Amino acid sequence: MRTQVCIVGGGPSGLLLGQILHRAGIDTRILERRPRAHVLSRIRAGVLEGGTVDMLRRAGVGDRLAREGFVHTGTRVASRDRAFRIDFAESAGKPVTVYGQTEVTQDLYDARDASDAAPVIHGVEGVTIHGADTDVPHVTYDAGGTAHRIDCDWVVGCDGFHGVSRRTIPEAVRTEVERVYPFGWLGVLSETPPVDHELIYANSPRGFALASMRNENLSRYYVQAPVTDRAEDWPDDRFWDELRRRLPADAAETLVTGPSIEKSLAPLRSFICEPMRWGRLCLVGDAAHIVPPTGAKGLNLAVSDVHYLSEGLIAACGGEAEGMDRYSDRALARVWKAVRYSWWFTTLMHRYPDDTAFHQKMQEAEIAYLDGSPAARTVFAENYVGLPF
Ligand code: APR
Ligand code: PHB
């Protein structure tokens, strides 16, 4: 089989890249290890930057998002007895949209189904990338007990943190930088009305908490928890009690609780692989970088990678190589800024095992500064709504 661009991974990165390239008349094959139902069952953050919304609209997958997404013009930040709102419209001139990553992924699958692009190939095993440092790369894999080979011009690794693509780049060429945080987030989804019409990020002496949502009757809440805990250690009653103790008082009083319909614990890490291109292989999204979820940047960074890469690939398929030469540097310049912001916001809001009273006081002083200073709120807001790309 032959294609122009072979995409490894059918998560949001691979599907969006496939959609944009298809609309530009470029032939793609997408190889996904898991069944579609599994890909669509993963619950991830749900805050889209304005640039992400624009990209999805331009890719022809913005209709349901425009109808069902919730435009948020601010967020609440809290610590101890202080709770205040950061107004994105006032501080950064644009809002964010709350729309689950699962919905984005569903819309992208629907768009691929509705087009005449080759369907995503599910259930592939043993994907191996060959000749990425030559002009004639190819990819081999097994599906249904049969060996397959795809010859292509470019291979794009959209296969997430545990994928095979990044590891194809020789260690001598690749630099990986990592920070693993000494805690995780325990997340609960429940069919209850959200406690507030906007998100609440709460720093409390008991640890961080976040109140988020998917729609009027679907709430998403998180509490910071030891990474060694398991979801089973947190029966619903324990979760709701802990959340109530960490949220600002007015929210704690009005919190509506109910049975959890999903509960999971995720570790937090910052991870960056450089470069994001090696020969004819490029990395996109979680395959190249991970950020802690505190700033909701994961999916948004994947989308900005797709923006730079799709420009480069469209030009390259027309015979112009320069965009591909700049892909890694352009993408990484934006990635590092989001890595910094996610690290800063995580550090500001969480309890660390070696924290002293001084650390807590410094966090509270910084949060008070955010509350009182328009300049500080602008810095927060311009990063939260997304730096330009
Ligand atoms: N072969 C084929 N597919 C693979 C392989 C492999 N060897 N390894 C992983 N995959 C698939 C996974 O099953 C998954 O569906 O690649 C996909 C990667 O998807 P994600 O992990 O969702 O990564 P990405 O598409 O880059 O999405 C960006 O934004 O909010 C963040 O982390 C969140 O997933 C999100 C990310
Ligand atoms: C979510 O709704 O799951 C969510 C929102 C904001 C974050 C992280 C997760 O920063």
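1. Contact of helix 11 with helix 12. In this predicted model, W344, T347, L348 and M349 of helix 11 touch Q363, E366, I367 and L370 of helix 12. By type, the residues of this contact split into 5 nonpolar, 2 polar and 1 charged. Helix 12 covers residues 357–372, and its axis comes within 9 Å of that of helix 11, with a crossing angle of roughly 120°.

2. Helix 10 against helix 11. Helix 10 (residues 298–317) packs on helix 11 (residues 322–349) at an angle of about 170°, and the two axes lie 9 Å apart. Angles over 145 degrees count as roughly antiparallel, so helix 10 is roughly antiparallel to helix 11.

3. Residues between helices 10 and 11. On the side of helix 10, the contact is made by N300, L301, S304, D305, Y308, L309, E311, G312, L313 and A316. Helix 11 contributes G323, M324, Y327, R330, A331, R334, V335 and A338. Sorted by type, the residues of this contact of helix 10 with helix 11 comprise 10 nonpolar, 4 polar and 4 charged.

4. Strand 9 with strand 10. Strand 10 spans residues 138–143 and is joined to strand 9 by 4 bridges; the two run antiparallel. Within this part of the sheet, I129 stands opposite V139 of strand 10.

5. Cysteines. How many disulfides does the model have? The count is 0. A disulfide needs two cysteine sulfur atoms within 2.5 Å. For C6, the closest cysteine sulfur belongs to C152 and is 5.2 Å away, so the pair is too far apart for a bond. C158 is likewise in no disulfide: its nearest cysteine sulfur, in C282, is at 9.5 Å.

6. Burial of two of these cysteines. Is C6 buried or exposed? C6 has a relative accessible area of 0% and is buried. C158 has a relative accessibility of 7%; the limit for buried is under 20%, so C158 counts as buried too.

Conventions. Residues numbered from 1 in each chain as written. Chains lettered and ligands numbered in written order. Predicted model: local features only at pLDDT ≥ 70, side-chain atom pairs only at ≥ 80, totals over all residues. Heavy atoms only, no water. Pairing = 2+ DSSP bridges. Axes fitted to C-alpha atoms, helices over the stretch in contact; angles between N-to-C directions. Parallel < 35°, antiparallel > 145°, perpendicular 65-115°, else oblique. Contact = heavy atoms within 4.5 Å. Nonpolar A, V, L, I, M, F, W, Y, C, P; charged D, E, K, R; others polar. Buried < 20%, exposed > 50% of the residue type's maximum accessible area, 1.4 Å probe, protein only.
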